[in-house]
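Trainee: Could we go through this structure together? I would like to start with the strands and then turn to the interface.

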Amino acid sequence: MKYLITAVMLFVVVNQLSAQTIINDSPTENRPYLRVGIEPTTMITFGYQRNFNVGFLNRKVTSYAEWGTSMYRFSFNNSELKLGAILLVFEKGGFKVVNNLNLSAGSVTTHNFDSKKFAVGDEVAVGFYKKSWFIATTVEYEKIYLNRIEHTEFYRATYYEDAEDGWYKGAGGMFQFGIEGGGTIKRKYDIHLEIKMPFTEKFNSYGGSPLHLNLGFGYRF
Amino acid sequence: MKLKKLWTLPIVAMLITLTLTGCGELLDPDEPGNLVPRTVAEDPLLPRIEVNGTILHAEAFGDISNPIIIFLHGGPGSDYRAFISQIGVENASRYPNERTITNGGLSQLQDEYYCVFYDQRGAGLSPRFDKGVVDFDMYVADLDAVINHYLQKKENETGIGDDQVYLMGWSYGGILSTGYINKHPERVKDVVMYEPGPFSKKVWDYFIENSESPFAQIGEDWLDGYLLSHDHITSDTHERADYQRILGAFRGQPEFNQNPNTPLWRLGAFISNENLDFSQSDNYDITSNITASFQGRMLLIAGKLTEEPYPEYPDMQMSHYPQAEYVAIAGVGHTGLWEKPDEVAAVIRNFLTQ
């Protein structure tokens, strides 16, 4: 039973900065990080990672929590919280397959509606990981499983007066395909770059930014 | 390596998700009527006509013995709500019996003309169509069928055998008017356009050269919300796509000086994505037959605020017509016919009675 609880905690703990995978091999246990980029709008994200050993898995797991907000509308109302866990699935020499599972809760305000969303995401990274650098291809899927949507007076007056406020079952999902890489300086400072192409879960155009780009910085201790 | 245990983790995640989504009655974002209004295919209370193998959301105002004006909305994908609304006076409920006045916006022309408004196929409150089904030729055929429908109705009800109508097109509706006249020049007496989209590649190129880069909008609140909303709603279905697309309505091009409060019922996202593609081809020109065959006149109306970034645009557009006039409305941009409908209606009356 305790294994099950631990496993649940791993998945309830939450994000997706896969450069954290590099810390997997690190003798240090903690890393705060900062990420800036476009995903899905211009965002700034503050995060913290911590390594710990999971006995029954016989390996180290990197858990993390991060909060990202729109750079132009810096607020809780336009932000996202993620909790996740990163786990090495396969390893041969420098070649690794790494899985990153996360849960997220986000909020957005627009002139038409306010939405809160809850989603589960999983990213698989396949690449070469050395002590001071890595490069990998990534595939990510995120499923939105719950939305709370409330419409503004503007939306009702200008477009649709009978719009329904309330809890909605998931309003879709998305895939992202990308490449990422990073390096470590003096065994303490990490830098990470990723570029991803988003699609809807039915492989239609995502509709927003055609590419997502992130630059991350981390410090290990 | 205890791989068997690793496989339990996704199963646990799935169980958590199923538990969370199974709690209580949840609304369905894809059910018509929840996020965006039902179309005539789903709401029997909406006014309609049946033409060319489909039903279209449509209304007509005035005495049918008068000359007929067919109004063509923009987009593609938009609707006729702004045509019959009027800033500060009437916001045109989709149900005619819930409106406070019956001659709002340009429908005030009903005292002299029989005014016909319809939502184009896949747009507004007309039924949705999947990607790849609708094209420009179908839009032209629909317009021809709408014209025939009302001319036949006129003959049936009054015995008057008209064979021509006036067209009034706004933005993309101007492109549709021109495409129609190019194919059926004998069916149109005169045409009025409010800031029509480009009729040829040359005009299109001019328009692009003088338009701001979309990147100039980075940091604007509406764009930030629009982009961030993609993490909350993805656009795989009609309803979600429409809901998301309307976030950008009348906001995306600041040089158009549009009033963002201009009303719409629904912006058909799938239609707006595909029906202009043909206009970006190298040989785009929908006017090849007009100069030689069209006997009528064209009036181009524009807002002064839109004229400023595109000073040569009116002349370039009018050069495709043998007889054309130009009137600019002060203090407004691309949504000027909603903001100053009395002034625009007066210009139309003056032109049509010359």
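Trainee: How many bridges join strand E6 of chain B to strand E7 of chain B, and do they run parallel or antiparallel?

Mentor: Please keep in mind that this is a predicted model. Strand E6 (residues 188-194) and strand E7 (residues 298-303) of chain B run parallel and are joined by four bridges.

Trainee: Which residue stands opposite B:Val192 in E7(B)?

Mentor: That residue is B:Leu299.

Trainee: Which strands of chain B does helix H14 touch?

Mentor: Helix H14 (residues 341-352) of chain B packs on the sheet, where its contacts are with strand E3 (68-72), strand E5 (165-170), E6, E7 and E8 of chain B. The direction of H14 makes about 155° with that of E6(B).

Trainee: In what order do the eight strands of the open sheet in chain B lie?

Mentor: The order is E1-E2-E4-E3-E5-E6-E7-E8, with mixed pairing.

Trainee: Why is one side of strand E1 and of strand E8 of chain B left without a neighbour in the sheet?

Mentor: Strand E1 (48-51) and strand E8 (324-329) of chain B are at the edges and have a single partner strand each, so one side of each lacks a neighbour in the sheet. From one strand to the next, the twist averages 25°.

Trainee: Moving to chain A, what do its ten strands close into?

Mentor: They close into a barrel with antiparallel pairing, in the order E1-E2-E3-E4-E5-E6-E7-E8-E9-E10. There the twist averages 20° from one strand to the next.

Trainee: How many residues does the hairpin from E1(A) to E2(A) pass through?

Mentor: The hairpin joins them through three residues. Strand E1 (residues 30-38) and strand E2 (residues 42-54) of chain A pair in the antiparallel sense over nine bridges, and A:Val36 has A:Ile44 in E2(A) as its bridge partner.

Trainee: And in the hairpin of E2(A) and E3(A), which residue takes a positive phi?

Mentor: A:Asn58 does, with a phi near 60°, in a hairpin that has four residues between the strands. E2(A) pairs with strand E3 (residues 59-70) of chain A over twelve bridges, again in the antiparallel sense. Within that pair, A:Thr45 stands opposite A:Gly68 in E3(A).

Trainee: What about strands E4 and E5 of chain A: over how many bridges do they pair?

Mentor: Strand E4 (residues 79-92) and strand E5 (residues 95-109) of chain A pair over 13 bridges in the antiparallel sense. A:Leu83 has A:Leu103 in E5(A) as its bridge partner.

Trainee: Now the interface. Which strands of chain A does H7(B) lie across?

Mentor: H7(B) lies across E2, E3, E5 and strand E6 (113-129) of chain A, and runs at about 130° to E5(A).

Trainee: How much area do chain B and chain A bury between them?

Mentor: They bury about 5300 Å², of which 61% is on carbon and sulfur atoms. B:Asp231, B:His232 and B:Asp236 supply 14% of the area that chain B buries against chain A, more than any other three residues. In terms of contacts, 56 residues of chain B meet 69 residues of chain A.

Trainee: How many salt bridges are there between chain B and chain A?

Mentor: There are four. B:Arg94 and A:Glu161 form a salt bridge through their side chains, at 3.4 Å from N to O.

Trainee: Which helices of chain B each supply at least two residues to the side that touches chain A?

Mentor: These are helix H1 (3-6), helix H2 (8-21), helix H7 (221-229) and helix H8 (238-245) of chain B. The residues on that side of chain B comprise 29 nonpolar, 15 polar and twelve charged.

How values were computed: Residues are numbered from 1 along each chain as its sequence is written. Chains are lettered from A and ligands numbered from 1 in the order in which they are written. This is a predicted model: local features need pLDDT of at least 70, side-chain atom pairs count only at pLDDT 80 or more; totals for chains, interfaces and linings use all residues. Side-chain values use heavy atoms; hydrogens and water are left out. Contact means heavy atoms within 4.5 Å. Buried area is the accessible area (1.4 Å probe) that two parts lose on being put together, summed over both. Ala, Val, Leu, Ile, Met, Phe, Trp, Tyr, Cys and Pro count as nonpolar, Asp, Glu, Lys and Arg as charged, and the others, Gly among them, as polar. Two strands pair if DSSP finds at least two bridges between them. Axes are lines fitted to C-alpha atoms, for helices over the stretch in contact, and angles run from 0 to 180 degrees between N-to-C directions.
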